[in-house]
Amino acid sequence: MSMIAAFYGGKSILITGATGFMGKVLMEKLFRTSPDLKVIYILVRTKAGQTTQQRVFQILNSKLFEKVKEVCPNVHEKIRAIYADLNQNDFAISKEDMQELLSCTNIIFHCAATVRFDDPLRHAVQLNVTATQQLLLMASQMPKLEAFIHISTAFSNCNLKHIDEVIYPCPVEPKKIIDSMEWLDDAIIDEITPKLIGDRPNTYTYTKALGEMVVQQESGNLNIAIIRPSIVGATWQEPFPGWVDNLNGPSGLIIAAGKGFLRSIRATPMAVADLIPVDTVVNLTLAVGWYTAVHRPKSTLIYHCTSGNFNPCNWGKMGFQVLATFEKVPFERAFRRPNADFTTNTITSQYWNAVSHRAPAIIYDFYLRLTGRKPRMTKLMNRLLRTVSMLEYFVNRSWEWSTYNTEMLMSELSPEDQRVFNFDVRQLNWLEYIENYVLGIKKYLLKEDMAGIPEAKQHLRRLRNIHYLFNTALFLIAWRLLIARSQMARNVWFFIVSFCYKFLSYFRASSTLKV
Ligand SMILES: CCCCCCCCCCCCCCCCCCCCCCCCCCCC(=O)SCCNC(=O)CCNC(=O)[C@H](O)C(C)(C)COP(=O)(O)OP(=O)(O)OC[C@H]1O[C@@H](n2cnc3c(N)ncnc32)[C@H](O)[C@@H]1OP(=O)(O)O
Ligand SMILES: NC(=O)C1=CN([C@@H]2O[C@H](COP(=O)(O)OP(=O)(O)OC[C@H]3O[C@@H](n4cnc5c(N)ncnc54)[C@H](OP(=O)(O)O)[C@@H]3O)[C@@H](O)[C@H]2O)C=CC1
């Protein structure tokens with residue numbers, strides 16, 4: 001019997017960010033392994049015209065939850081969606097709901113965050129820092145609370161090369177930042193943002209670091225742990241391989257590459273691609289929840305959930321395997337044939353951006369105009385290149401994260417728990433994982449049917465022929481122009497033609513002699 005699964009039995013669990021990528025997988029695993037848990041409270045806002053109930057209904061009826069319904073048929077009754085907006089005071093939770101949360105919650109998993117790299121500082125602080133502070137305040141009023149698990153990121157200190165399982169202070173106190181957001185206007189905040197984030201690449205990593213400081217400062221008597229995952233990718237094993245539902249991290253770039261929009265990137269092939277499957281993160285999170293509640297460590301423990309020091313894979317290998325998978329299972333209606341050029345040089349990268357990305361987009365838009373349609377490719381390409389430029393920071397560096405706490409926890413688990421809540425990435429086969437990841441993107445993100453693969457392959461063959469034809473025509477035009485303008489080119493041309501003529505004459509003469 002799994003001790004961790006048994007621990008969550010009968011518990012009331014509060015999850016923030018349950019509608020997000022990681023939150024959904026966390027809920028799924030909890031219901032599947034501990035169907036006798038009492039209730040999962042989730043803080044949900046309304047979005048895209050959907051009520052909180054409609055959002056929950058949609059999640060529970062998704063493919064991800066198919067297995068859960070077999071093990072826990074009354075899952076609808078065990079999930080309690082509470083309307084909340086983490087940007088508002090007291091999260092805009094009603095008095096009755098707040099009372100219930102305060103008196104019943106046993107465990108909190110705080111996953112909600114803004115993960116956008118370009119969020120204005122004010123918004124990122126509100127969600128990643130102030131909301132964390134408010135949640136801690138709520139937690140301190142929960143008499144039955146056993147553990148508070150805060151999800152941060154391994155990149156909260158990406159300005160360092162080696163990162164230990166400690167909280168590194170930021171130069172300006174989080175409280176001062178929170179206060180200043182109240183009275184500074186947006187223009188001033190935008191102006192001081194680069195100075196505040198310092199050598200971090202974006203407001204996301206900076207505010208996640210501030211969030212950790214808040215956790216440390218406001219922890220009081222709470223039993224707290226922090227988990228720092230690296231780049232979270234599709235599921236490895238559970239509930240099935242390759243599940244993914246958003247474009248964050250590598251997923252969006254894999255789509256862009258598979259559809260032939262992205263053909264080169266400024267990336268260091270030997271840099272470590274510290275990807276971690278989402279089910280691995282969730283297994284560690286649940287194990288940490290159990291350990292923190294049961295063993296009550298004296299201080300706040302930080303767990304790095306990374307793959308680099310256990311089972312490293314680099315971007316070169318990853319890119320190669322992604323391309324190999326496109327050969328087997330191509331995406332439908334590609335713009336160009338998928339290709340990968342890695343360059344570490346900024347000038348070469350700009351050259352490829354012009355030749356491989358912008359020029360085809362301009363040509364295609366010209367074609368759309370000629371055929372009376374609205375041009376859209378240049379706009380799309382500009383957005384893609386902006387996205388790529390924001391992700392480049394992470395594919396040109398390697399980091400080392402120490403993992404003593406994660407290894408300690410692994411050794412504390414019973415063999416059964418190590419199996420059910422497996423977070424040992426040494427067992428991960430990267431080639432298989434990446435293949436499943438690409439397949440998952442095709443099925444769950446692009447919603448493409450496997451039956452369309454022969455047609456997709458045929459389409460790629462047509463694109464290859466168009467490519468050859470286009471290149472040949474371009475070469476002939478360039479050559480013709482050169483011959484018209486340069487004596488040397490004419491001499492070379494004359495030499496080639498006469499050489500071919502002599503060779504043919506010799507060939508014809510020798511074959512006549514043989515007869
Ligand atoms: C290095 C090898 C690559 C080689 C490539 C060469 C050729 C390809 C060969 C195949 C190789 C493929 C190999 C894998 C590629 C690996 C690269 C991986 C990079 C990963 C780096 C991740 C670092 C993460 C570190 C921190 C981890 C965390 O803690 S948090 C989670 C990470 N957070 C994010 O990822 C959020 C990032 N996103 C944003 O901040 C925003 O979306 C944006 C600023 C990028 C864009 O914002 P915008 O306002 O423009 O609009 P938005 O509405 O959000 O989206 C606009 C359109 O862009 C699409 N989109 C969104 N995200 C991505 C994305 N990650 N990649 C691509 N496209 C994306 C979105 O759908 C929109 O599309 P349209 O609706 O069609 O306009
Ligand atoms: N994905 C990754 O690569 C990594 C993620 N992490 C961390 O993991 C955690 C989860 O990330 P992930 O699941 O990928 O992120 P998602 O963007 O998928 O999910 C974010 C969640 O936060 C919720 N949220 C955002 N704003 C509000 C708000 N104002 N009120 C209520 N809820 C809100 C979202 O709700 P809604 O659906 O309504 O928008 C959503 O449920 C985050 O803390 C992130 O920093 C760490 C490392 C890597």
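Begin by selecting residues 466-483, a span that is 100% helix and 0% strand and whose end C-alpha atoms lie 26 Å apart. As you look around, keep in mind that the model is predicted. Next select residues 492-509, where the end C-alpha atoms lie 26 Å apart and the span is again 100% helix and 0% strand. Both stretches, 466-483 and 492-509, are listed under "transmembrane region" in the UniProt record, which is an unreviewed entry.

From there, move to ligand 2 and show the 29 residues around it, of which Gly17, Gly20, Ala112, Ala113 and Val232 come nearest. Two elements, helix 2 (21-33) and strand 8 (231-233), each give two or more residues to this shell, and helix 2, with three residues, gives the most. If you colour the shell around ligand 2 by class, you will find 15 nonpolar, ten polar and four charged residues.

For the last stop, select helix 12 (residues 278-295) together with helix 16 (residues 404-412). Two packed helices are described by the angle between their axes and the distance between the axes. Here the axes of helix 12 and helix 16 come within 11 Å and cross at roughly 75°; since angles of 65 to 115 degrees count as roughly perpendicular, helix 12 and helix 16 are therefore roughly perpendicular to each other. To see where they meet, show the side chains of Leu284, Ala287, Val288 and Tyr291 in helix 12, which face Thr406, Leu409 and Glu412 in helix 16 as contact partners. The residues of this contact divide into five nonpolar, one polar and one charged.

Notes: Residues numbered from 1 in each chain as written. Chains lettered and ligands numbered in written order. Predicted model: local features only at pLDDT ≥ 70, side-chain atom pairs only at ≥ 80, totals over all residues. Near = placed C-beta within 6 Å. Helix = DSSP H or I, 4+ residues; strand = E, 2+ residues; numbered from the N terminus. Nonpolar A, V, L, I, M, F, W, Y, C, P; charged D, E, K, R; others polar. Axes fitted to C-alpha atoms, helices over the stretch in contact; angles between N-to-C directions. Parallel < 35°, antiparallel > 145°, perpendicular 65-115°, else oblique. Contact = placed C-beta atoms within 7 Å. UniProt positions renumbered as here; feature names shortened; annotations may be inferred.
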